[in-house]
Amino acid sequence: MKKVNADGPEVLGRLPNCPPLSAKEFQKAAAAKGAQIIDTRQMLAFGGGHIAGALNIGLRAELSIWAGWVLDPERPLFLVLPKDTDLPEVQQLLGRVGYTSFGGFLLNGMEGWVNAGLPLETLPQMTVDEVDEVRDDLQVLDVRSPDEWEAGHVPGAAYIFLPEIEKKATRLAKKKPVAVYCDSGYRASLGASLLQRAGFTEVRNVPGSWKAWTAAELPVEKPSEDKKASDTDR
């Protein structure tokens, strides 16, 4: 985003070429070194089955923001769409932050992939009540902004700001299950997919996330209160 702001966006005149690829063509092309697979379906669809290594950035206005944080503009993008006709909208959102290199999109989406008998990876979902019941046996990861974290979070949660996950994932144990949450689950699904791409196998997304946690009136911890308490003890 900084580079685009400094240099100005590339003048295209029309949307860049992004060819439709059959499932087998997509599998081969997306497996090439440097390829980035972006799955723009909503989080529950992504959780039910996706291509290994894909990042989940759902088709919403925020797609531009998070693409700008986590994608490499020098590497080609391979798109998995909710439906084929969503391609122009997705390209426009990506183009806003300087992404114009497309390797292709998966023709007929995940239906085409499944019908071709190709492998799937899943991202299990956990409700907030399930997280609360077993959180002593989980690594609960908050990926929200620093201000959101400071305002209150799940007791005992670890904190890594979403764009820093790949750099700081070593703070987490790969062999212990991780449940990722944000405000509603949108960013958490992206965070969970980043962890999966980094080799974490026991990853869970928390749909509803913080909104669901507070709606269920589950315990809340605030770092500022913890600090005040420690200061008083001294």
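Predicted model: local features only at pLDDT ≥ 70, side-chain atom pairs only at ≥ 80, totals over all residues.

Colleague: Fine. How many salt bridges does the count come to by this rule?

Modeller: The count comes to 10.

Colleague: Take Glu 148. Which residue does Glu 148 form a salt bridge with?

Modeller: Arg 187. The closest N and O atoms are 2.9 Å apart. The pair links distant parts of the chain, 39 residues apart. Glu 148 sits in helix α8, residues 146-151, and Arg 187 in helix α10.

Colleague: Is Arg 187 buried or exposed?

Modeller: Buried, at 13% relative accessibility. The cut-off for buried is under 20%. Glu 148 is partly exposed, with a relative accessible area of 23%.

Colleague: What about Glu 166 and Arg 197, how do their side chains meet?

Modeller: In a salt bridge, 2.8 Å from N to O. Again the pair links distant parts of the chain, here 31 residues apart. Glu 166 is in helix α9, residues 165-168, and Arg 197 is in α10. Glu 166 counts as partly exposed at 41% relative accessibility. Arg 197 counts as partly exposed too, at 30%.

Colleague: And Lys 211? What is its salt-bridge partner?

Modeller: Asp 183, with the closest N and O atoms 3.6 Å apart. Lys 211 belongs to helix α11, residues 209-215. Asp 183 lies in the loop between β8 (178-181) and α10, 28 residues away in the chain. Lys 211 is exposed, with a relative accessible area of 51%. Asp 183 counts as partly exposed at 22%.

Colleague: Let's zoom out. How many helices and strands does the protein have?

Modeller: 12 helices and 9 strands. The protein has 234 residues, and 44% of them count as buried. The accessible surface comes to about 11,800 Å². Carbon and sulfur atoms hold 52% of that surface.

Colleague: Now the sheets. What is the strand order in the open sheet of 5 strands?

Modeller: β1-β5-β4-β2-β3, with parallel pairing.

Colleague: Which strands stand at the edges?

Modeller: β1 (20-21) and β3 (55-56). Each has a single partner strand, so one side of each is left without a neighbour in the sheet.

Colleague: What does β3 pair with?

Modeller: Strand β2, residues 36-39, in the parallel sense over 2 bridges. In that region, Asp 39 has Asn 56 in β3 as its bridge partner.

Colleague: Switch to β6. Which way do its residues point?

Modeller: Strand β6 covers residues 139-142. Gln 139 and Leu 141 point one way, Val 140 and Asp 142 the other way. All are buried.

Colleague: Which strands pair with it?

Modeller: β8 is one partner, parallel, over 4 bridges. There Val 140 stands opposite Ala 179. Strand β7, residues 158-159, also pairs with β6 in the parallel sense, over 2 bridges. Asp 142 stands opposite Tyr 159 in β7.

Colleague: How does the chain cross from β6 to β7?

Modeller: Through α8, and this β-α-β crossover is right-handed.

Colleague: On to packing. Which residues touch the most other members of the largest nonpolar core?

Modeller: Phe 26, Ile 57, Leu 71, Leu 79, Leu 94, Val 180 and Leu 195, out of 70 residues. Helix α10, residues 186-197, gives the largest share, 6 residues.

Colleague: Pick Leu 79. What does Leu 79 touch?

Modeller: Not counting residues up to four places away in sequence, its contacts include Cys 18, Phe 26, Ile 38, Leu 87 and Val 90. Also among them are Leu 94, Phe 102 and Phe 105.

Technical notes. Residues numbered from 1 in each chain as written. Heavy atoms only, no water. Core = buried A, V, L, I, M, F, W, Y, C linked by side-chain atoms within 4.5 Å. Buried < 20%, exposed > 50% of the residue type's maximum accessible area, 1.4 Å probe, protein only. Contact = heavy atoms within 4.5 Å. Salt bridge = Lys/Arg side-chain N within 4 Å of Asp/Glu carboxyl O. Areas by Shrake-Rupley, 256 points an atom, 1.4 Å probe, with all protein chains shown as cover. Pairing = 2+ DSSP bridges. Right-handed = clockwise from strand over helix to strand, strands pointing away.
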